[in-house]
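Start with the structure below.

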Amino acid sequence: MRTWICALAIAIAAPATAAPAPPKPLFASDQPIRITIQGPMSSLVGRRSETQRPGTLTIAGANQSYAINLSPRGITRRASDICQFPPLRVEFVQPPPAGSLFEGQRRLKLVTHCRNAAGFQQKILLEYAAYRLYNLMTPQSFRARLANIDYVDERGRPYVSRVGFFLEDIDDVAARNGMVKARTADMIPASLLDPQGAARMAVFNYMIANLDWSMRAGPEGEGCCHNGRLLALPRAPGGPYVPVPYDFDFSGLVDAPYATPPEAIHVTSVRQRNYRGYCAHDALARAVAANLVQRQAELLGVFSAVPGLDARTQARSVNYLGEFFSDAASGRMFRACV
């Protein structure tokens with residue numbers, strides 16, 4: 001009886017989640033899609049302002065076509081001296097109909113190929129793989145959907161065909177988990193972070209050697225966080241906050257040629273790992289790392305499951321993550337907290 005009373009008290013005291021929502025159709029499958037995006041490509045590529053340009057998105061073989069607005073987005077990858085092709089924001093002019101692949105979508109981030117060279121196809125597939133790795137760690141993560149994209153200009157002339165992926169909206173991530181998107185100031189205290197979520201994000205970023213993030217602060221005036229978003233329970237919108245990472249092109253796993261380490265972190269290469277978690281979460285982070293070591297085969301299997309990732313890139317990635325599993329098993333990754 002005493003145990004039952006204690007359990008009831010905990011249930012009453014704990015903030016309740018909302019009923020989880022199923023994923024929207026676009027993110028309910030991992031199968032790549034094929035689409036055509038038609039629009040003023042020379043304007044999009046040549047002038048990188050956030051001005052919207054009209055276009056059309058068509059799903060191959062489905063007889064489904066949507067009027068859209070296209071605009072460049074991002075910071076580093078939007079710069080013309082970094083990328084030949086900018087990341088895009090796709091906004092639907094009208095809500096896609098019920099039962100369609102894009103049902104429930106309004107504005108989507110489309111991660112594009114950056115440069116035309118074949119090697120950059122492998123880079124974007126590795127970034128997609130990073131999202132898949134975090135999906136295996138927690139449902140409190142962004143889903144991504146690969147797309148083989150034929151870009152054509154206003155007159156229907158082929159421009160370029162490349163792989164890319166759509167990224168799930170943070171509101172949909174929240175809905176799937178019975179949570180809400182948190183609205184915060186530019187910086188939050190570490191005490192408001194959900195310890196389990198914070199430990200998990202720190203371990204994951206160490207795994208892929210990503211240093212380009214913050215779970216507490218974002219660019220001035222944009223709220224928290226840098227390359228991350230925060231989720232909260234509906235009845236506790238003021239925290240604790242669960243951080244959700246995104247944007248992994250500066251990671252050592254992807255190893256983009258333009259990626260450099262943050263100036264404040266003393267490493268010589270983005271391939272060099274540096275644990276940036278909080279020592280207050282050390283026990284939880286060690287448990288997360290130990291769990292990943294036990295699931296090593298499952299996690300490494302992600303690379304062979306990504307369509308288009310060539311054998312050489314797969315082998316290099318498996319070897320690179322092998323270093324993480326060695327660091328995690330030995331505890332070496334946590335030496336700063338000893």
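**Pockets, cavity and helix packing**

β3 (64-72), β5 (107-111), α3 and α4 (170-176) each supply at least two lining residues of the largest pocket. The model is predicted: local features need pLDDT of at least 70, side-chain atom pairs count only at pLDDT 80 or more, and totals for chains, interfaces and linings use all residues. Residues are numbered from 1 along each chain as its sequence is written, and side-chain values use heavy atoms, leaving out hydrogens and water.

**Largest pocket**
- A pocket is an open set of points on a 1 Å grid with protein on both sides within 12 Å along at least five of seven lines; lining residues have an atom within 4 Å of a point.
- The largest pocket holds about 1500 Å³.
- Its lining has 49 residues, with Arg73, Arg89, Lys109, Arg229 and Tyr246 nearest the centre.
- β5 gives the most, 4 residues.

**Second largest pocket**
- Its volume is about 150 Å³.
- α3 gives the most to this lining, with 4 residues.
- Among the lining residues are Lys123, Leu126 and Arg316.

**Cavity**
- The search of the whole structure finds 1 cavity of 30 Å³ or more; a cavity is a set of points where a 1.4 Å probe fits but cannot get out.

**Helix pair**
- The axes of α3 (residues 118-137) and α7 (residues 296-305) come within 9 Å and cross at roughly 150°.
- That makes α3 roughly antiparallel to α7 (angles over 145 degrees).
- Contact (heavy atoms within 4.5 Å) involves residues including Leu126 of α3 and Phe303 of α7.

Notes:
Axes are lines fitted to C-alpha atoms, for helices over the stretch in contact, and angles run from 0 to 180 degrees between N-to-C directions. Angles under 35 degrees count as roughly parallel, over 145 as roughly antiparallel, 65 to 115 as roughly perpendicular and the rest as oblique. Grid points are joined across faces, edges and corners, and a volume is the space filled by probe spheres set on the points.
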